[in-house]
Amino acid sequence: MSIKVTKRSEDYSRWYTDVVQKAELADYGPAKGTMVIRPYGYAIWENIRNIADRKFKETGHVNAYFPLLIPESFMKKEAEHIEGFAPECAVVTHGGGKKLDEPLYIRPTSETIIWSMYKKWINSYRDLPLLINQWVNVVRWEMRTRLFLRTTEFLWQEGHTAHSSYEEAEEEARKMIEIYRQIAEDYMAMPVYVGKKTDAEKFAGAVYTYTIEAMMGDKKALQSGTSHNLGQNFAKAFNVTFLSKENKQEYVYATSWGVSTRLVGGVIMAHGDDKGLILPPKIAPYQLVIIPIWRTAEQKILLLEEVAKITHQFNKEDVRYIIDDNEQTSPGWKFNQWEMKGVPLRMEIGPKDLRITGSCWCGATPVKNNLSQQRICSPLLPDCWKRSRIVCFSALLNSETGIPMKLIIMLISKRSSKAVAL
RNA sequence: CGGGGCAUAGCGCAGUCCGGUUAGCGCGCCUGCUUUGGGAGCAGGAAGUCGCAGGUUCAAAUCCUGCUGCCCCGACCA
């Protein structure tokens, strides 16, 4: 494997696939268009997922699971829906060695199977609203695939809600696109435009489709999350009605909304540079990499003792860190490797001094700078690592502001006016 | 589905035009010693159904036919 990635200015697409593979985020699966999400890439997805899941639950949603296989007749109940999805569906025709009486669709999305169940569960306005989400895989047979951005199978969440009025459904659809905006901007440092899709572009079966669109490094927009007001389309298709307070039968109003592993592709393109990934601290698998540098065995022991004192504090503060004390690779190799993987901050701790380097994040704006090396103190003197500084350091990594480095430099290295100006 | 490219060691490639020893090179991997603050050095070593199937030939990675897979660029999608 070559050491460097293709420069963005040379070939943006190749740069992207290089970074995905060399940062060990994902690899190609054996079947066409499939992707293996490797542990480092999956950790980013898990962080995004945990943030989203918490926000869904804070807004009253609950998780459930609906089946992967959907009878063909279900798919065909909503005319626009099947028209929109049929060409990109994978269909199971055989099972148990026999041809099936009715083909089973592998879910491209779950509106149909979920609404068939909602029909059983909704009888009166007292059953509403019904606010269910699921974290699952879906399959869409795409012509052209790219890791994370468009793969045959991908991971996502799909929320499916049922309401007693059009206004309430509309409010839900807008509420969820706002949550997606917050996840993109406040956690992934990825600015987005919130907008409504044209009739041609909207989801098949929706009344309105709202999306967040993120701007990538090649100046192309990436649709990064969608929220649909489905009106009564699926309720009518599956005959889901409820008895209102006024004792009248009415069709239920619905929404659905989702974000997928495409978000991981978005964050790569939004921030990465010619040295590899650059990850926002809030979703980075490791927010900090600690690289001890030693010459002798005694130095190594001493250094690791110091590192343990520091990490003891990080454990309390929930800082995600990794100590790279691998003896098989050189410090230089480690620097480049972790830069490829986009770890926000690096702490070099050696016989001479301790340095912190990394990227600067200013809120949702993806302003980033490789900071000049900041010397702090000599780590071989046990008292030099001021406890208060560690507290600041770890608290900043966890702050809601998303601007760890700026403040770290101000607090820790006051003499560097250039860094403060960042 | 159209256009282009590729398939040889784990990865990246050369060799193919013009058939001919034991199929090479770089990185990685294994062993040993020296190293370690920006991708370390030396020495030794392991590793290949040359994408698959036919054909031509004394002889095929190389020529012919068919097939398969993948990547990139376009139209569609989260």
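1. On a 1 Å grid over the protein atoms alone, a cavity is a set of points where a 1.4 Å probe fits but cannot get out, and lining residues have an atom within 4 Å of a point. Grid points are joined across faces, edges and corners, and a volume is the space filled by probe spheres set on the points. The structure discussed here is a predicted model, in which local features need pLDDT of at least 70, side-chain atom pairs count only at pLDDT 80 or more, and totals for chains, interfaces and linings use all residues. Residues are numbered from 1 along each chain as its sequence is written, and side-chain values use heavy atoms, with hydrogens and water left out.

2. Cavities of 30 Å³ or more number 2 in this structure. The second largest cavity holds about 40 Å³ of space, and its lining consists of K32, G33, W141, E142, T145 and T152. By class, this lining has 1 nonpolar, 3 polar and 2 charged residues (Ala, Val, Leu, Ile, Met, Phe, Trp, Tyr, Cys and Pro count as nonpolar, Asp, Glu, Lys and Arg as charged, and the others, Gly among them, as polar).

3. The largest pocket (an open set of points with protein on both sides within 12 Å along at least five of seven lines) contains about 850 Å³ of space. Its lining comprises 36 residues, and F85, R140, Q223, T226 and R262 lie nearest its centre. Two or more lining residues come from each of α4 (79-85), β8 (153-163), β11 (221-231) and β14; helices (H or I, at least four residues) and strands (E, at least two) are DSSP runs, numbered from the N terminus. The lining divides into 10 nonpolar, 15 polar and 11 charged residues.

4. Buried means under 20% relative accessible area, with a 1.4 Å probe and protein chains only.

5. In α10, the buried residues are K334, F335, Q337, W338 and M340. They pack against α1, β15, β16 (321-323) and β17 (345-349), where contact means heavy atoms within 4.5 Å. G342 follows α10 and has a positive phi, near 75 degrees.

Note on methods. Chains are lettered from A and ligands numbered from 1 in the order in which they are written. Buried means under 20% relative accessible area, exposed over 50%, partly exposed in between (1.4 Å probe, protein chains only).
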